[in-house]
Amino acid sequence: MKKIFLLGTVVALTTLNGCDKKLDVAPTQTIDQTVALNASKDVEAALIGAYDALQGASTNTNGDTYAGGYQYTSELLAAVTTEVRFGGTFANLQELFRKELTTINTTAETLWLRSYLAINRANNVLANLDKVTDAKRSRVEGEALFIRGAVYFELVRLYGKQWGDGNNASNPGVPLVLTPTTAVTEANKVPRSTVAEVYAQAIDDLTKAEAALPVANSFYANKSVAAAILARLYLQQGNFAAARDAANRVIASGRYRLVTPFGAAFNTKLNNGGANPAEYVFAIQVNDQDGSNGMNTFFGTTIGSIPGTAGRGDIRIQPAHIAFYEAGDARGAFFIKPSANSANVFTYKFLDRFGNVPVVRLSEMILTRAEANFRLGTTVGAAPLADVNAIRTRAGLPSLTTLTLAAILKERKLELAFEGHAIHDIKRTGGTVGTLPFNSPKLILPVPQRERDIFPLLVQNEGY
Amino acid sequence: MRHILRMSIFGLSWCVALLANAQDRTVTGKVTSSEDGTGMPGVSVAVKGTARGSNTDAEGNYKVSVADNATLIFSFVGFAAIEEKIGNRSVINIQMKADAKSLSEVVVTGYGSQIKRDLTGNIAQVKAKDFENMPVPSVDQALQGKAAGVFVNSGGGKLGQAVTVRVRGNSSISASSQPLYVVDGVPVTSDDQSNYGGDTNPLADINPNDIESIEILKDASAGAIYGARAANGVVLISTKRGKAGKTSVSINYQAGSAQATKRLPFLNTEQYEKFYRQAAAYADGLDGLDVNDPNSYTQGLFGAGGFLDYYSYGTYGTPKQTDNNWQEKAFQKGPMQQMDMQISGGNEKTKFFMSGQYLNQTGTLIGNKLERISGRLNIDHQATNWLNVGLMMSLSRGDNWRLPDDNAFSNPLQAAALTPHTPFIDPNTGLSAGAPPGDINIPLYYNPILSVEYAKFVQTSYRNLTNTYAQATILPGLKFRTEFGVDVLNQNEEGYFQSQTVRNQTRAANGIGSNYGTFVTNYNANNFFSFNKEIGIHNIDATVGMSYQQSQTKRNFVEGTNFPSDSYRKIASAAIKSDGTSTETNFRFLSYFARANYRLKDRYLVGLSARVDGSSRFGKNSRYGFFPAVSAGWVISEESFLKNNRIVSFLKIRASHGLTGNSEIGDFPQLGLFQGDAGYVGAPGQRPSQIANPDLKWETTTQTDIGLDFGLLNNRINGEIDYYIKNTNDLLLEVNVPGTTGFSRQFKNVGALENKGFEFVLNTQNTVGKLKWNTSLNFATNANKVTDVQGQIIEGGVRNMNRVMEGQPIGVFFTREYAGVNPDNGDALFYKNTKAADGSIDRSTVTNGGYNSTERVVVGNPNPKFFGGITNTLSYGGIDFSIFFNGVSGNDVNFYGVGQYSSANGIYEDNQTTDQLNAWTPDNRNTDVPQARYLITNGSQPSSRYIFDGSYLRLRTLSLGYTLPKSITSRAKLERVRVYVSAMNLATFTKYKGWDPEVNSDTFTSNFAQGNDFYTPPQPRTILFGINIGL
């Protein structure tokens, strides 16, 4: 009897060992990383995921990276109280506005995290290009390179010193990560590359992207989009010839035109059924199902008489700014008070809750070409005066007959006001923010404290 | 799964060969009580070493068929068990002696049971009589104060919501700290399944009156048999079983009414006006404005077209002005009724228990209601003399009319913040204030009454718990048992918000409807051998087996907006299907377990147990965990030097040490994952969503327990004393990783914390005889300390004021320290608490402007240091009386959720608690309420000002019953008639200034963020009348 019992037990327990496989339960709502990127369609979906990261991934409702984060950070860092006032309650934005950043500033932290989120998603695409069908490979590669290059450029100019301020080859830029993350080890603690190295990487990515991308690509990145960010990058470096040529390539593509009136270039859902106007070279798409417009969140406000407007009404425009506009300038009238007796004035550019967020408008390219031509004494594409007058004419202003650099820069400031250029233009032109010189450490974002808690060898910026 | 079934069938088929063939004969007799010589019904008569047995009938007679030389065991709760060798007798009469607090009681352990006397681990037992007919929807609430070391916080007064249960402290930061619930051998779904409002409690699907006993496995030796899931304690719930003999029918009906235990005093119109005139005048003074200036704060509040004018519909200052107590609108009388029927009985071979219950309970907050219909059938059948089979099955349907979470403007209790000048009814429309076509921006905030009148959200759950078993006696003392159980929870949640609620539900302009389906299916199989053998002075009791559990949760959701009218409420009529999703998740456990208890000479006890747990939740590199435990006991009172001691009747010391785990770490935390939710304006996209950690595993708790069980004066006084230390390591934390990876956090096993404490249980029979008076007392201490979190900053609760910090109890309140009021000018003051270079702390104070320059410090601890309960029961003739207090002390509660608005010396227009009338004025300088300054911050920032002592003592239940004399009931052919009145939460003694010190807001509570109050409704005070009839 005992033998039977023992035998039974042994048989029973050994049979049960087959149950071990039962523990290999695969998730149903998510998939394992090993099966995520096996086919062309998978990699294309991962590429869409990288755009999603630029647009405002997951729960962040304030718009990420190009959906507002890069832009309002630049504007708040450049803001002087006579022109712009921040009336909101978010401590992170108040710190930016007062130029008193702390290393735990959540904007500095979120922008860092979300930028690398986008970079990792782009890296996932780039590491799996071999799975993309031949017909699509070049485009997919170009788009991923564009996203990575553009994000590295935005990172290095926010977290690093201005190009040329000291030694680019030793000034710390940001860590360069060019491969996707599949596991976290010590090797993932990456030190900061230099400003020169990060710029070189961004130029490399964007140049290759421009070559690989098609001429037309819906609202996704195309040749002109890559060229436009290159123009912006070269201008930031003071490489006027390269900036001029890149901007000229965008303009000469003939794909974009200035729209009239000036107001038609904004609030795309209210004005244009959600589509990009002909003036947009690149914009982050937002609709009522997906994405959020971070510029709307902070610059916008609800106007009772205009359904579809929204916003926290945090960033208010002050009289000293409005005084810059000449009489008759359509752009000077592009401001609104929520009600007649309201003390607060808002820009009209970002009232639309579901409006697309403009990243590059044609007018930026025209003004970049004008400035570069003017500085170099050339007339590639068009004479600088003609370019500036094209912008002025659209704004309803009389043409200029003579041109100065100051006039070009003023036109640029007014045309592109609050669109994210402010601090970068001040830095590259050696301007000031109130009493702070262009190279003040207070105008550079800190490396987030959380990063240095994990990896103390990550160098912090001066002044933090 | 097929393997398990195959194994069970295999096990059973070869058992068939073992058909016993011993000669049977019949023994009869009568069992009487030594107290009064009457026959004792329901006494268990078991044939030792076999599955056979019987019960005595109503007169105490029994009949049982036995083999020669068998031994009968007579046992009955509260009486000492008797073993009797039958020899050649055919009639055996037995007289049983009452045992003061019987140590012969059977205690359910995992996969078996044990005599309490022989226990070497710590298992608390709560019996049916301790909680039957309590007006609480779920049984976990009934455990409060009943078992030492088991802390229960019901959270708030909303019906059917989640309850916090902590067995021997909080032993996790990120994983769950709730115990594992096992009903008749099946681990059941007990975590939140709600999609609206606060967390719900799936245990509310179980009728507490079906429960025979609840055992709580507290120490490692008791828990290790549940391995990776036992670190938070295991609650074993055993349902009632039938007994052979006369069929007993019991009908119980109770009805009564509940009221919220407390109202908080808020300002009436007169007080409000006086207070805010002062607050506005002070604010005007600070800004240099004249109170008559049209731009002044004063005119803004009180002037024509000002705040009060607007929000009172123009009645302010006119004869039409009314005084409206909005808080009172939130509450209602909550009638409840409950009908129970239980039938049990059977014969020697087949026993059954069946029950039905209908419960209808109205909440003490408007709009809240709970209904439950449940039925149960438990059958035990002796198929052959070696095979027993059985089935336990329950079905229930629960409907819960839910309330929004505490932090919603539609939470009824938030009405307390509304201006007393605002009438309940809009004089222009005759509808509730804020209902269109009236002005929807009145009152000050959304009127929560509108959500009661124009919206509803109902959760309906169907629950089936079924467990079947077959138990074969292979050899005398050797049994094989196989169990297969399911726990099916099907839940539907349906909500509709009419257009009138648009101020609260921004998308409800044309109605918004939502519908959620949740399907949780849980299969469980247990197969185990148990062996019991007594050889001379040696007794061995062993169990070995395996268990497999498979759980699947599927959810779906659809939402629609734009309904033609509010008459259409189904999403079929929604012009826009605005949202929808479906999700699924799974987990599995495969486990092997073994236990051996050895007893030598009835006095030396040793226990060994272990479990190997494998789970789909663990990483590939650590798929199986091993959880062993060892325990030992010494019954000193069996030794000759104590054997016949007149005072000490029982004395045992015991100790245990072992490992248990916590695997409530979610599903798939170990995998590297991609998620398909990264679309871009309509184009489908995917993203990496989680970084892999193939080493991820359970949290491990090492627990040591030493205990002493004692009985004095023939056990009339008996009790237990325990001391335990629980060290939890490998805490599952979400750890920061470099952001350059594209990820921000990863699950890792790092960190440690400890819990230690004393437990004390004392039961006494104060008087015996005609007047019986028993007292049972239990209390426990617990000290919790986080020893290592590797520098992670983990915070939660209201304004992130709860924090996990090394060297501190888990979730301490970490904020600025309030220093009172400057008597010279009424400014709020805060201690700087900055650390100087020499290590000294700067105790100087700053005022509001310097608030940011102060350091945050630990100002409170939400974890109770001491908690317990005391029950006194008295009976005299037909009268029975019981009174039960429970108490908690040493914990703090964060009132800031309410205080930042309503006890903020008038910073906003929110109605204030009356204690703010004590605000600083030049004539009232010695106060801790700063000067009231309308719209100017003065001390209402987060600080220790709002952290209060949450200790309380509560008269939890009180009941008085009268059982009609037999002479009367028998004339009506009734077995028993008892009428009773009972009350719950009749009185609460506390210094806490909020509604209820037993509070855990359903919004701001997490595993470690405890003790937050956010307009959380208080518990109900219920008074019930009932009648119990036995047929």
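A:Leu457 sits in the segment after α17 (449–454) of chain A. A:Leu457 and A:Pro191 are 266 residues apart in sequence, yet 7.2 Å apart in space, C-alpha to C-alpha.

This is a predicted model: local features need pLDDT of at least 70, side-chain atom pairs count only at pLDDT 80 or more, and totals for chains, interfaces and linings use all residues. Residues are numbered from 1 along each chain as its sequence is written, while chains are lettered from A and ligands numbered from 1 in the order in which they are written.

## Helices of chain A

Helix α6 of chain A covers residues 134–159. Helices (H or I, at least four residues) and strands (E, at least two) are DSSP runs, numbered from the N terminus. The 26 residues of α6(A) reach 38 Å from first C-alpha to last, close to the expected 38 Å. That expected span is 1.5 Å times one less than the number of residues. In α6(A), 20 of the 26 residues are buried, so the helix is largely enclosed by the rest of the structure.

Helices α8 (residues 223–237) and α9 (residues 240–252) of chain A pack at about 155°, with axes 8 Å apart. They are therefore roughly antiparallel, a label for angles over 145 degrees. Among the residues that meet are A:Ala227 and A:Tyr234 in α8(A), and A:Ala243 and A:Val250 in α9(A).

## Chain B as a whole

Chain B has 11 helices and 54 strands. Its radius of gyration is 31 Å, close to the 31 Å that the globule rule gives for 1031 residues, so chain B is as compact as a globular protein of that length. The radius is taken over C-alpha atoms, and the rule is 2.2 Å times the number of residues to the power 0.38.

The C-alpha trace of chain B spans about 110 × 75 × 65 Å along its principal axes. Buried residues make up 52% of the 1031 residues in chain B.

## Where the chains meet

In chain B, 51 residues are in contact with 56 residues of chain A. Contact means C-beta atoms, placed from the backbone, within 7 Å. β26(B) gives the most to the side of chain B that touches chain A, with seven residues.

Key: A residue is buried if 20 or more other C-beta atoms lie within 10 Å of its own, exposed if 12 or fewer, and partly exposed in between; C-beta atoms are placed from the backbone. Axes are lines fitted to C-alpha atoms, for helices over the stretch in contact, and angles run from 0 to 180 degrees between N-to-C directions. Angles under 35 degrees count as roughly parallel, over 145 as roughly antiparallel, 65 to 115 as roughly perpendicular and the rest as oblique. Two residues are in contact if their C-beta atoms, placed from the backbone, lie within 7 Å.
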